[in-house]
Amino acid sequence: MIDYDYKKPESLKEVFSLLKEYGPKATLIAGGTDVMVKIRNTKKAPEVLISLRGLKDLRYIRKNNGYHIGALTTHRMLEQSDLVQTELSALHDGASEVGSVQIRNVATVGGNICNAAPSADTSGPLLALDATVVLEGPEGRRSVPIADFFTGTYRTVRKADEVLIEFQIPAETESFGSAYWKHSRRKAMELPLLGISVALKLSENKEISDARISLTVAAPTPIRAYKAEEFLKGKPLDDDVLREAGKIASSRDCCSLRDSLRCAAWYREKIIQVFVPRMARLAAERIRN
Amino acid sequence: MSEYLYVGKSIPRTIETDKVTGRAIYIDDLKRPGMLYGKILYSKYAHAKIKNIDKSKAEKLPGVRAILTGYDIPDVRVGFIKDQTVLKKDVVRQFRDEVAAVAAISPEIAEEALGLIKVEYEVLPTVFDPVEAMKEGAPLVHEVDARGRPLKSNILPLPWKFYAGDIETGRKASAYTVKDSVSTTWVNQCCMGPSGCVAEFDMNNNLTLYDQTNVIHLGKQRIMEYFAQIGLKGKKVRVVNAIVGGSFGTKLDTDIYEFICMQLALKTRKPVKILFSREEEFFALPPRQPAIFDIEQGCDKEGRLTFRKCEALLDNGAYTSWGATTPSVMMMPMSSLYRVPNVSFEATCVYTNNIYCQAMRGYGNPQANFAVETSMDTLAEEAGIDPAEFRLINRNQSGDETPQRLKITSCGLEECINSVKEKLDWDKKKKDKKKARGVGMASLIHVAGGARVYMSDGHGIMIKVDQNGCVDVFESGTDQGQGSPTVISQIVAEALGFKPEDISLTMGDTGLSLWDAGTHASRHTFMAGNAAIRCCEKVKKQILDMAVQYMPKLIKGGFKRKKRKDPDFVQPDLDYSLISNPEDMDIRDRMVFPKSDPDHPYFKMDVREIVRSGLHVGVGDSRVVVAEEFYDPPTEMLDREMKGNLSMTYAFGTTGVEVEVDEETGEVTILKLIAAHDVGKAINPTLLLGQVYGAVYTGVGYGLTEEIKVVNGRVMNPNFRDYKMLTAKDVIPITPVVVEPGDEAGPFGAKGIGEPGLVPTAPAIANAIYDAIGVRITDLPITPEKILTALNDKQ
């Protein structure tokens, strides 16, 4: 019988003391859409699940000297936020594509990132939006750029006694347009075969002044395609340039594509080459004013 | 005929409120006192000798009540050609081989016990490719046959052969010929409710099996045969359906888990439930039969088909269920879809160490239709004829007798093809072709008036009317979610002259029904409907006999009461001869009336008043209103040459698709899908469309996304995450067209429509993709990878 104890603390302080009490026997759970699936699949549960759902003040989307998104914000909240849709479009794309409405109603963005699946739908957008992850532990807070957050498949720099509390996205993102493409075989209840996010900014003469490209399912962790980003800077937004950026992004310089039962590596490579340009175009269209 | 009151109306489903509110009792919900839970241990190898099974540790686990292996139960062979035992004790031949079974007080304990059973295997050589399996020297999946005679080959002793006319004559008459190879793969039926049953014996070893089968009487027959061999000869068997969450072919065979469940119940003397997990549903339940076809067709200068020659190879898997019989249905489209005088069809089934297959919606028709209809397109192109025109030239027509001797009594194919053309704007789209966009179509023929595959293709029904005017219908079929309780209620209400809400249906219980061959082959509405109409005539006669006897008394009694209240009331002078002969009377919408004057002010009476007055009237005169009817249509079994008119009527239909292909990613978008079906007559249009929509979705999945990935015999994607069944969000813009020519043999003109919507969908998509981008994908499903590869090869 799969059995576990369930705690629902009301404050971070309580969370820390429970984490201290149970140590490795405890697992944090937010929406539960990853944790519960894992318990069912492995038929093994931790001794205690510490729910973060009591931390009601960690559900928010704010714009105030940059963007602040509480870790317990659900995918559905991101999907339904006008602010996210217009100013953090890639994140809106990603959040709206997760599972189904029922799943998005409970699944949290913090959970999506802490689970650290190479395919996580919000990870690519947050990378492209250059988000910072705010962690809090008994010793206090620290900030980690999301590009440094993932250390491996299902592994992150978060320490066992830390809780992810917030994502911060720099204020300058306001002048970027962004887009995320989840490549999959159907339109719901899907994992991406590949995820491509592009955020970019254009100069007055319509050159790409800054660009960030991120890929999911293209390596053991969600990654940035730095070489392709570098290539784009200062170049005009035209087909040849974008095609070349797609090629660079799909090359071994940026990612390590794998054959799997779900998809062949050659097809993943092709999808990067097709969708880096398409998402760049869409991102450019979405630049406001 | 007068206008129907209930037939042809979209009356809401009757019993579904319980389903959507969670009250309906599925096997999952069913609990019997003292019930135990059974679980099955499957093989770890695709082919291996079992050297030893050690269950001692598992037996000690608290809560375990029984552990069975092949050594604990009689060594009896079961299945279509008796090529397997219930539990395997010597050799396993596929990953889903059942090696041991546990009954315990909870599913979790049963599961834990499985992990404690130690099985030692010695791995044997395997063969997974049916072509390889046919070669000399290939590892033998079975060493001996059912009678213990040694086998030399993996080829099954089931040589499916159909010949009509002469292929060489046809070839000589051909101006154009084409040759194609196509293949289809395994797909799962994806029932919402997973498989399961509860077996319960009484103290005399009589069995009640709560089950999901759609062939209750045949299922009972198989169990009786099994019982005769395990020392339970003569024991009574009752098969009762729980609420069934979908069938789509999965409930046609009596599956191994059902026999295991009975054995566990027998051993423990307790009711035992086995309920599949979704994973088991994918790897331990036989899916649709895959097939490889080599097809050749020819036509003359005018585009008339001259011959069709096809060879099929079927990967039978390790054992034989209904999958191996799908060629018997493949023969129908092969011989009879479009007019083709010379036909040759041969199918070979080959054992491999893969999973084995059974029935799925359409049986072998979707596979064979994919071969025929993609070949129709290549031949049309070769002949330089528009594919729609080509199909019209060769269309089946009312009055035809096909090379298989199918008698086409009514045929709406021409209308179906033409409405697809019109709704797709076919001619314009063909003329002004847009880049990467294309249109395609495919048609089908299917049995729609029963399918005589057993000596009796009949349906028995019993109808009673009680003193309250409640109508109880005991019919012999099953409801697996298709809406039959609603449809049959409509038919009974119409035929008997009652309202649908007066009708209660009892289905799916061998103890409360006569014979029925099964709720399969799109036959239930046709069979049960015809039986119901005939039965209603008998019941109506009994009611009208009573009406003649009691109506004058009731009317006169009414006058007397009126007279007492109102002394001035003058009793009208009525011609009681109008209601003196039952032949001159009728019932409609609960009212009994004389046919010659339906709105007679005095002679129109609520039928409930008549049954209330006429049924319980003292010694000697009391009676019951009840009748039974057995409808067994005058159809033919297929003869030795596989010919014969096995169905009373045939359904036709055409699916047309417009697609757009993303040539960079290989993705296909369906812009429009027209599903035109000759349904005879729609008894309940909403439910009929439900059948069409559902079947089309499954057909699109078959064409584009669905595939059980079997690698070296193992199912690699046993879940809905990796098995790509389409979701509600993958909206397919379906435009249904209901063609209603009416069929004389059908109940109120109806034909069966359960399967047709699926059949031509995949080839229509394949043909549209070819039209769009000029590459033909011949292997289902048509994935973006296959499209990109083909586009690459073309350049």
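This is a predicted model: local features need pLDDT of at least 70, side-chain atom pairs count only at pLDDT 80 or more; totals for chains, interfaces and linings use all residues.
Residues are numbered from 1 along each chain as its sequence is written, while chains are lettered from A and ligands numbered from 1 in the order in which they are written.

**Exercise 1.** Work out what span helix H11 of chain A should have.

*Solution.* Helices here are DSSP runs (H or I, at least four residues), numbered from the N terminus. The expected span is 1.5 Å times one less than the number of residues.

**Exercise 2.** Decide whether Cys536(B) is buried or exposed.

*Solution.* First, find the residue: Cys536(B) sits in helix H15 of chain B. Next, recall the cut-offs: buried means 20 or more other C-beta atoms within 10 Å, exposed 12 or fewer, and partly exposed in between, with C-beta atoms placed from the backbone. Cys536(B) has 25 of them, so it is buried.

**Exercise 3.** Describe how H15(B) and H16(B) cross.

*Solution.* Start with the axes, lines fitted to C-alpha atoms over the stretch in contact, with angles from 0 to 180 degrees between N-to-C directions. The two axes come within 9 Å and cross at roughly 90°. Therefore H15(B) is roughly perpendicular to H16(B) (the term covers 65 to 115 degrees).

Note on methods
Helices (H or I, at least four residues) and strands (E, at least two) are DSSP runs, numbered from the N terminus. Angles under 35 degrees count as roughly parallel, over 145 as roughly antiparallel, 65 to 115 as roughly perpendicular and the rest as oblique.
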